[in-house]
Amino acid sequence: MLMIERPSLVRLARRILGDSSLAEDIAQTLWLRVQRIADPAAIKDKRAYLYRLALNLTSDQMRSRKRGAVLFEGQIEDPGVIDAAPTTEARIIHRQRLDLLAEAIDELPPRCREVFLLRRIEELSPAEVAERLGITPNAVAKHVRHALHHCQTRLAEREAG
């Protein structure tokens, strides 16, 4: 399963981290973690588990980068250089939204989640998704709309509450 999902998982990590080599490191670490699972049959939704683990590893990497940046804080040679990196508060907010989004995706019905991940993470065309899953392009569009609505609703609920 991991080998099939690997390209999508690397793309996800690269989008979040903005670094291809770090994304590859995440994929390698993910592979090592999966190899250590004692009872893989106990995992009900292996795909959701892989994406959750990838998001957690990516988050850990972001925290690690932040800690490394703190070591060099105050050592800027040119004080005129503006730091474009997000603030700690912004990173925390983004991480919370990312966690909430992952939870919302996990809550989707299996077929809807699969369509959404193929379309938005693997970036397959609607026709490719339809062909792969044996459904119509209209069904693909319906599932994507449902998934987006669900995710937006969950984010709005969190922000309101």
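Reader: How far is the sulfur of Cys112 from the closest cysteine sulfur, and in which residue is that sulfur?

Author: A disulfide is a covalent bond between the sulfur atoms of two cysteines. The cut-off used here is a pair of cysteine sulfur atoms within 2.5 Å. The closest cysteine sulfur to that of Cys112 lies in Cys151, at 8.4 Å, which is too far for a bond. Seen from Cys151, the closest one is that of Cys112, again too far. The structure holds 0 disulfides. The model is a predicted one, in which local features need pLDDT of at least 70, side-chain atom pairs count only at pLDDT 80 or more, and totals for chains, interfaces and linings use all residues. Residues are numbered from 1 along each chain as its sequence is written, and side-chain values use heavy atoms, with hydrogens and water left out.

Reader: Are Cys112 and Cys151 buried or exposed?

Author: Buried means under 20% relative accessible area, exposed over 50%, and partly exposed in between (1.4 Å probe, protein chains only). Cys112 is buried, at 2%, and Cys151 is buried too, at 5%. Across the protein, buried residues make up 32% of the 161 residues.

Reader: What is the secondary structure of the protein?

Author: Helices (H or I, at least four residues) and strands (E, at least two) are DSSP runs, numbered from the N terminus. The protein has 7 helices and 0 strands, and its pattern along the sequence reads α-α-α-α-α-α-α.

Reader: Which residues does Arg113 touch?

Author: A contact means heavy atoms within 4.5 Å. Leaving aside residues up to four places away in sequence, Arg113 touches Asp45, Ala48, Ile105, Asp106 and Leu108. Arg113 sits in helix H5 (residues 110-121) and is buried, with 7% relative accessibility. For the protein as a whole, of the contacts with a separation of 6 or more, 66% join residues 24 or more positions apart.

Reader: Which residues make the nonpolar surface patch?

Author: Nonpolar side chains (Val, Leu, Ile, Met, Phe, Trp, Tyr) are joined into a patch within 5 Å, given over 30% relative accessible area and no salt bridge. A salt bridge is a side-chain nitrogen of Lys or Arg within 4 Å of a carboxyl oxygen of Asp or Glu. Here Met3, Trp31 and Leu32 make a patch of about 310 Å². Leu32 belongs to helix H2 (residues 20-35) and is partly exposed, at 38%.

Notes
Patches are made of residues with over 30% relative accessible area and no salt bridge: like charges are joined within 9 Å, nonpolar side chains (Val, Leu, Ile, Met, Phe, Trp, Tyr) within 5 Å. Accessible areas come from the Shrake-Rupley method with a 1.4 Å probe; for residues, only the protein chains shown count as cover.
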